[in-house]
There are 2 protein chains.
Amino acid sequence: MQQVLDYVDPFIGTGGHGHTFPGALVPFGMVQLSPDNPSKGWDWTSGYHYSDNILLGFSHTHLSGTGVGDMLDVLVMPFRGDYQARAKDDKGRIFTTYGHDKESASPGYYSLYLPEEQVQAELTASTRTGVHRYRFDGEQDAKLLFDLGYAQNYDKPVVTFLRVEDKYTLTGYRLSTGWAKNQPIYFVAKFDAPFSHQLLNDLQAVKGDQLQAEKGKIVLNFGKPAKAIEAKVALSYTSIAGAKANLAAETAQLGFEQVKQQAAQAWVNQLGKFQVEDADKTNKTKFYTALYHAFVAPQVFHDVDGAFFGADGAVHKDKHYGRYSLFSLWDTFRALHPLLTLSNPEKVDDMVKSMLGFYDETGLLPTWDLMSNETDVMIGYHAVPVIVDAYLKGLTSANPEHIMAAIKASAMQDRFGIDLYRQYGYIPSELEVEAVSKTLEYAFDDWAIAQMAKALDKQDDYQLFSQRAQSYRTLFDASTGFMRGKDKHGEWVTPFNPTYVEHRNTDYTEANAWQYSFFVPHDVPGMIELFGGESPFVAKLDELFSTSSEMQGDVSPDISGLIGQYAHGNEPVHHVAYLYAFTADKHKGEARIKEIRDTMYLAQPDGLAGNDDLGQMSAWYVFSAMGFYPLNPVGGEYVLGTPQFEQATLSLANGHQLSVKKEGEGSVQSVWLNGEKLVSPILTHQQILQGGELRFVMAPRS
Amino acid sequence: MQQVLDYVDPFIGTGGHGHTFPGALVPFGMVQLSPDNPSKGWDWTSGYHYSDNILLGFSHTHLSGTGVGDMLDVLVMPFRGDYQARAKDDKGRIFTTYGHDKESASPGYYSLYLPEEQVQAELTASTRTGVHRYRFDGEQDAKLLFDLGYAQNYDKPVVTFLRVEDKYTLTGYRLSTGWAKNQPIYFVAKFDAPFSHQLLNDLQAVKGDQLQAEKGKIVLNFGKPAKAIEAKVALSYTSIAGAKANLAAETAQLGFEQVKQQAAQAWVNQLGKFQVEDADKTNKTKFYTALYHAFVAPQVFHDVDGAFFGADGAVHKDKHYGRYSLFSLWDTFRALHPLLTLSNPEKVDDMVKSMLGFYDETGLLPTWDLMSNETDVMIGYHAVPVIVDAYLKGLTSANPEHIMAAIKASAMQDRFGIDLYRQYGYIPSELEVEAVSKTLEYAFDDWAIAQMAKALDKQDDYQLFSQRAQSYRTLFDASTGFMRGKDKHGEWVTPFNPTYVEHRNTDYTEANAWQYSFFVPHDVPGMIELFGGESPFVAKLDELFSTSSEMQGDVSPDISGLIGQYAHGNEPVHHVAYLYAFTADKHKGEARIKEIRDTMYLAQPDGLAGNDDLGQMSAWYVFSAMGFYPLNPVGGEYVLGTPQFEQATLSLANGHQLSVKKEGEGSVQSVWLNGEKLVSPILTHQQILQGGELRFVMAPRS
């Protein structure tokens, strides 16, 4: 049963700039229970970095692959000895060292032996419950620290509350501010052994059974337990009562082993939708680990009774949909959300309604929704393509007029240069930062709005947004062959250097002109024409991949995974290798896709070329290994690439299966769907849903 | 109709150390809308001080008479000109000057003309809505600033949210931390004129219709309105939806004048329960203003649908009771809560259940509940006497077993020396600060628990807590005639100076030995015996009032209103003048009561001798003017004093009336209840409830 799980290595991406974490969770789980190291900087935003060997404890929420750190709520640390007498680090935290030789992880399970504490720690999880098992081997009393004051990266506690309800039950909440400005979280912890306790206001012991403080902690002493201690820690974003109901519904009747088994089964069910055959175990590991990382977010954000914390700072209870949070849309609109329309169409409606709920609560769809907080990180209004794609694929029952109002609200707002964009038809560089990237991405999002308007036969909106979708043309500088900044008088901005980068201070977002000049996913023929036709266009793509990787300015670590000036470690280029498919030089695209698969995704901790960004990097791999990619993520057209595996089968929610077969090696000679040769480089969503066999006939180029 | 309102002067207590505010509210209202000055220190904790003439705006929540500052949520400032160009104070706030000559206030209404802005500002309120009316006289555009970042005293914003829903509607929330660690508040503002707007992140203009920021503000521009602008601002502690429902239920259909009239009527109904006759308008003003200040808190804390923010940091919806907050119990258990059992018995059950709800949510009854946060200010577990009194008077339908569990939880906790108190039978001075005050107050609270146990026929608890109630005896030092600190070996602490004070660093709480040595309200005969009998006891009381007022140490401003070492400006002595009633020297008590009434309560802004403390100072006056006082606030025995008025009539909720008549002038010669001469100095709650005539026959002492 667990065969697919054997090919998941949760440590992939935990080194380098991957920013993943190795802990225990189920697909889309609210609880993501994982070990935390003391942060040494940007590469510790997930709480963990493979290069580290110092443990602060296990916290219940983590961000997988993001560029900014937050979360890490409700830290639990098993330890021995006198808490107050123990050595603390410079932030007043106890710590212990460990080695990777006694660490292991698989989907839904994590285990670590702590030699200094003589503790075997094991973690597993259900959707809303983290389950811990600690076997204390030594002679000293077995202790657990619950630290609600603990915070890293951008996060900072505002107030914490702890209450010992009885000798087996601890409850509490933690309100913090940081990247998410207003983030309450509630928990209940149930233990299978009785404890005595000591509350602490930061490092100061406090008497009693309950405490409200900025940095509340509690040490639970289990004495010398006869067996391993099991702790179930259920979360809620609405209330302690919600956490209790979540625990009751999910894990109250289960032991550690059962929860672990259910978590594994949940992953088998989720990952098993994809079956790939390959002689190379490494490729399978890369594939299933990418799949695994693709299903970490968006996250279940509602209690079992449907209650959730809304973006208006209040608790709502809407039984009509299950609320999800953690939408990093600038990253994930590209491939992750299209992947979910194939792997988990049953969840898409909830995700769409979660974004529409965010709009109802704040007046705007989310840009980067972190626990119902708009972080306003990154550009574009990319909830729009995700929602429109879901609508066009028939995956949401949301009221289309509601959708139309929400997506237009994003496009008609006055922030982030959107007013200038409407006024000038592009964003003048001197009036707004990242003017070129914004103009290009707004144009794409506007194209998506136009498709929605068309589907609803709203001619005025269709005309307006179709016209706005062409704005990309205004910024193409034929003399240099780049998308380039213009001032408000329509003059090109000088000096112009396509390899210059500077974070949040140029015409491009986390990129340079090379990396953004191909961003017209909604009108590839139009873009090719702009570049002067197919031949110059291909030459330009060739140059992108083959020119020097040297950059000037202040190169941010986001810009990684370089092939020439192509930077796979960040999102703006993710569709670019597939642009070759619209030319006669498809084989060049295939070669680049293979190169990226082979060099940017390695089956080792520092194997990811850049931040996994809540699964977008991984989703690129999944599609690219399957042999097709949603170059335009709206509307259900996938561009053919080159399959990784001799056979890959996708089991669809409708009961159909699509088998992708690779015959021979080399370049794609022809592609056959259910015996019919495909004449265009496009595979449609409808074709996939019908299932059958997609056959790639390969041969060396002659 | 409004006759009683003519005798209320909301400015009384706004100067000196009174800490009251002059703004608009209805009895027990959630909204307390009042002008704010820039704080110059402790005497500005209500947001306003009569000595000031600089206005920052009008905020919607205030604390009346407390010693610590918080609240002041949702500031609204009418102004003219360019917000960003205007002069700011050192905290970045715009301001304007005013004079008391153009300021007026009456119950439910406040008005102020701002000459520099050429604005007539008027405020009124319903329970959950503040209603503003601004007449802009000048030529410049009429503007309102809504400042959610504004904070004073202990308060600090964590995150604020503002959203323009349409040209007539602004919504938002404000999460702050301070004296109340976790204080969310939500609002909707509806205007009768359309506005354009400019959002600001602190002082930085931001585009768009919505903003989440630490210090969000918005300037609303109404252009040149033809008439005065009316704004209705409804609050909620649970959600914007809650605020909208509150507005819809209370004021949606009403104009300013109607709300103002309803507020006045609410005060007429509340204050009109007391009718006093007196030739002296000043005494009537003192009386009705004291009544007015007594009904400011506890405050309605639930939405119209019953939802409230609980002490576990989560929203609850309990239709079984209406939640109240703002319990300053160390102050108000003495006279305010007993007063409410007479004036508002219909609210007592909700208040009891609110405290029990707090216990359910945190494991402990509140000590000082500020918007569902335990501030842990002051000593004792004085929710106990309030709840037990309500139970014994038959005013709560709470489950008595629930009550018993809750009150015992307070008494059995280990914080604040309560563990030492159980262990030693008193609190050893070297082991806990304020050991004498705590021992005395715990003993009284334990007596209240014993009465509850007795009522429920719980013999074990009755015995235990009756015994604990005698702990006061342990600390009486017969050699000095004071309640005095003992160390753990039972030795008196030396040196001992009964006039020494030092804040939070002696055996006494905001007091010295003189001010605490008479705190045995539950066993006056036992106390008299300790002092050596009636004669030495009276001599000691005489000395209290006649000795020098000089104190040593570091005298906190709390200790004010001195007559000898008696300090009426703070609570520990509030019952002391009534102790004479248990002796043959009743006239001495009467004289002191009159002296206190005449010198500690003046009908002028700095007329209160100390902090009004959410109405406790005022409740003392109300009882003392009526002629009786709840020396022991539990169980319904009131000690007779000396009436202020020739006739005072209390209309009871049961339809009965009690008329208190004073015949003649001088000392009380005899007291007659419905024709029967009272032989003890006690009037019972039952006697009051039966109504009729309480006649004091007075004559000069011969």
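Biologist: Let's start with how the chains sit together. What rotation superposes chain A on chain B?

Modeller: Keep in mind that this is a predicted model. The superposition has an RMSD of 0.0 Å, with 0.0 Å of shift along the rotation axis. The two copies are thus related as by a two-fold axis, and the rotation is 180 degrees.

Biologist: And how much area is buried between chain A and chain B?

Modeller: The contact draws 31 residues from chain A and 31 residues from chain B. For chain A, 100% of its interface residues are interface residues in chain B too, so the copies meet through the same surface. Carbon and sulfur atoms give 52% of the buried area, and the total is about 2,700 Å².

Biologist: Which three residues supply more of the area that chain A buries against chain B than any other three?

Modeller: Together they account for 19% of what chain A buries against chain B. One of them also forms a salt bridge with D419(B), with the closest N and O atoms 2.6 Å apart, and that is K207(A).

Biologist: How many salt bridges does the rule find across the interface of chain A and chain B?

Modeller: Side chains of opposite charge can pair when their charged atoms come close. Over all chains, the search turns up 76 salt bridges. Across the interface of chain A and chain B, the count is two.

Biologist: Now the annotations. What are the helix and strand percentages over residues 7-236 of chain A?

Modeller: UniProt, in an unreviewed entry, labels that stretch "domain: Glycosyl hydrolase family 92 N-terminal". Its end C-alpha atoms are 32 Å apart. The chain there is 0% helix and 44% strand.

Biologist: And over residues 242-699 of chain A, what are the helix and strand percentages?

Modeller: Here the unreviewed UniProt entry places "domain: Glycosyl hydrolase family". The end C-alpha atoms of this stretch are 58 Å apart. The chain is 41% helix and 17% strand.

Biologist: There's a six-strand open sheet in chain A. Which strands stand at its edges?

Modeller: The order is β19-β35-β36-β40-β37-β38, and the pairing is mixed. Each edge strand has a single partner, so one side of it is left without a neighbour in the sheet. The edges are β19 (274-277) and β38 (676-677).

Biologist: Which residue is the bridge partner of S667(A) in β40(A)?

Modeller: Strands of a sheet pair through backbone hydrogen bonds, either parallel or antiparallel. Strands β37 (residues 667-673) and β40 (residues 692-699) of chain A go antiparallel, over six bridges. For S667(A), the partner in β40(A) is A699(A).

Biologist: What about R334(A) and E441(A): is E441(A) buried or exposed?

Modeller: Their side chains meet in a salt bridge at 3.7 Å, N to O. R334(A) is in the loop between α4 and α5 and E441(A) in helix α10, so the pair ties together parts 107 residues apart in sequence. R334(A) has a relative accessible area of 4% and is buried. With 0%, E441(A) is buried.

Notes
Residues numbered from 1 in each chain as written. Chains lettered and ligands numbered in written order. Predicted model: local features only at pLDDT ≥ 70, side-chain atom pairs only at ≥ 80, totals over all residues. Heavy atoms only, no water. Pairing = 2+ DSSP bridges. Helix = DSSP H or I, 4+ residues; strand = E, 2+ residues; numbered from the N terminus. Least-squares fit on C-alpha atoms with pLDDT ≥ 70 in both. Contact = heavy atoms within 4.5 Å. UniProt positions renumbered as here; feature names shortened; annotations may be inferred. Buried area = accessible area lost by both parts, 1.4 Å probe. Salt bridge = Lys/Arg side-chain N within 4 Å of Asp/Glu carboxyl O. Buried < 20%, exposed > 50% of the residue type's maximum accessible area, 1.4 Å probe, protein only.
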